[in-house]
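Hi everyone, thanks for making time.

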Amino acid sequence: MEFIPVQSFNNYVEAHIAMGNLQQQHINCWLKDEYTVTIDPILANAVGGIKLMVAKVQVPRAVEILKQAAGNKHPHYACPHCSSHEIQMVDIPQKETNLFAVLINKLFGNKTKAAEQIWHCFACGNNCKQPVEISSGAMEDAS
């Protein structure tokens with residue numbers, strides 16, 4: 001049986017929730033690179049994250065189930081600058097602020113700084129700390 005990746009995750013909790021949603025609907029699926037990303041999260045970008053693999057014949061149904069679950073899970077947000085709904089939380093890696101910090105990290109180990117999470121609007125390109133939350137009733141009225 002051939003399996004195809006339908007979604008990737010940087011977090012094993014989200015990956016298991018998605019896999020559980022599919023398995024409840026009798027979709028044949030499994031997680032690829034789960035242990036690699038869980039043991040060393042820095043490798044998540046290198047391996048492409050934790051991949052949710054689905055049997056090829058069940059991919060269309062699995063994609064619909066995942067879309068429906070994602071729509072129910074997250075409240076709808078809008079960009080505070082342009083009111084677009086094409087907004088998503090992204091990770092911005094932190095850079096070393098000065099030469100002293102770089103030297104200390106080189107001497108005492110390569111400790112990476114945590115990434116900052118911000119909201120990025122794909123319509124206008126602006127970043128913000130907090131988007132505008134839209135109630136589900138307002139979203140239905142706008143449709």
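I'll begin with the whole chain and then go through a few spots in turn.

One thing to keep in mind from the start: this is a predicted model. The chain has 143 residues, and 24% of them are buried. What does the secondary structure come to? You get six helices and eight strands. If you read along the sequence, the pattern goes β-α-β-α-α-β-α-β-β-α-β-β-β-α. As for the surface, the chain exposes about 10100 Å², and 55% of that is supplied by carbon and sulfur atoms. And if you take contacts between residues at least 6 apart in sequence, 65% of them join residues at least 24 apart.

Okay, on to the strands. There's an open sheet of three strands in the order β5-β6-β7, and the pairing is antiparallel. Which strands sit at the edges? Those are β5, residues 87–92, and β7, residues 127–128, each of which pairs on one side only. Between β5 and β6, which covers residues 116–121, there are six bridges, again in the antiparallel sense. If you want a landmark there, find M89, which stands opposite W119 in β6.

Another pairing to look at is β2 with β3: antiparallel, over four bridges. Here K32 has K51 in β3 as its bridge partner. Strand β2 also has two faces: C29 and L31 are on the covered one, while W30 and K32 are on the uncovered one.

How many does a search of the whole structure find? Two. Let me take the one with K51: this residue forms a salt bridge with D33, and the closest N and O atoms are 2.5 Å apart. The pair links distant parts of the chain, with K51 in strand β3 and D33 in the loop between β2 and α2 (34–39), 18 residues apart. Are the two partners buried or exposed? K51 has a relative accessible area of 13%, so it counts as buried, the cut-off being under 20%. D33 is at 24%, so it's partly exposed.

While we're on D33, have a look at its backbone. Its phi is near 65 degrees, a positive value in a residue other than glycine. Why point that out? Because most residues other than glycine have a negative phi. And there's S83, whose phi is also positive, near 65 degrees, and which isn't a glycine either. You'll find S83 in the loop between β4 (76–78) and β5.

The other salt bridge joins E2 and K56, where the closest N and O atoms are 3.8 Å apart. This pair links distant parts of the chain too: E2 is in the segment before β1 (3–9), K56 is in the loop between β3 and α4, and they are 54 residues apart. For E2 the relative accessibility is 47%, which makes it partly exposed. K56 is partly exposed as well, at 45%.

Now to a buried spot. I27 lies in the loop between α1 (12–24) and β2 (29–32). Why do we call it buried? Because its relative accessible area is 4%, and buried means under 20%. What is it in contact with, leaving aside its neighbours within four places in sequence? The list is L22, V54, Q58, R61, A62 and I65. Take I65 from that list: it is 38 residues from I27 in sequence, and in space the two are 9.8 Å apart, C-alpha to C-alpha.

Q58 is on that list too, and it's in the loop between β3 (50–55) and α4 (59–73). The side chain of Q58 reaches the backbone oxygen of H26 at 3.2 Å. With neighbours within four places left out, Q58 is in contact with H26, I27 and N28.

Last stop, the surface. Which residues make the nonpolar patch of about 490 Å²? They are F100, I104, L107 and F108. I104 lies in helix α5, residues 99–108. At 32% relative accessibility, I104 counts as partly exposed.

That's my tour, and I'm happy to take questions.

Technical notes:
Residues are numbered from 1 along each chain as its sequence is written. This is a predicted model: local features need pLDDT of at least 70, side-chain atom pairs count only at pLDDT 80 or more; totals for chains, interfaces and linings use all residues. Side-chain values use heavy atoms; hydrogens and water are left out. Two strands pair if DSSP finds at least two bridges between them. Patches are made of residues with over 30% relative accessible area and no salt bridge: like charges are joined within 9 Å, nonpolar side chains (Val, Leu, Ile, Met, Phe, Trp, Tyr) within 5 Å. Accessible areas come from the Shrake-Rupley method with a 1.4 Å probe; for residues, only the protein chains shown count as cover. A salt bridge is a side-chain nitrogen of Lys or Arg within 4 Å of a carboxyl oxygen of Asp or Glu. Buried means under 20% relative accessible area, exposed over 50%, partly exposed in between (1.4 Å probe, protein chains only). Contact means heavy atoms within 4.5 Å. A polar contact is a pair of N or O atoms within 3.5 Å; within protein, one must be able to donate a hydrogen and the other to accept it, and residues adjacent in sequence count only if both atoms are side-chain atoms.
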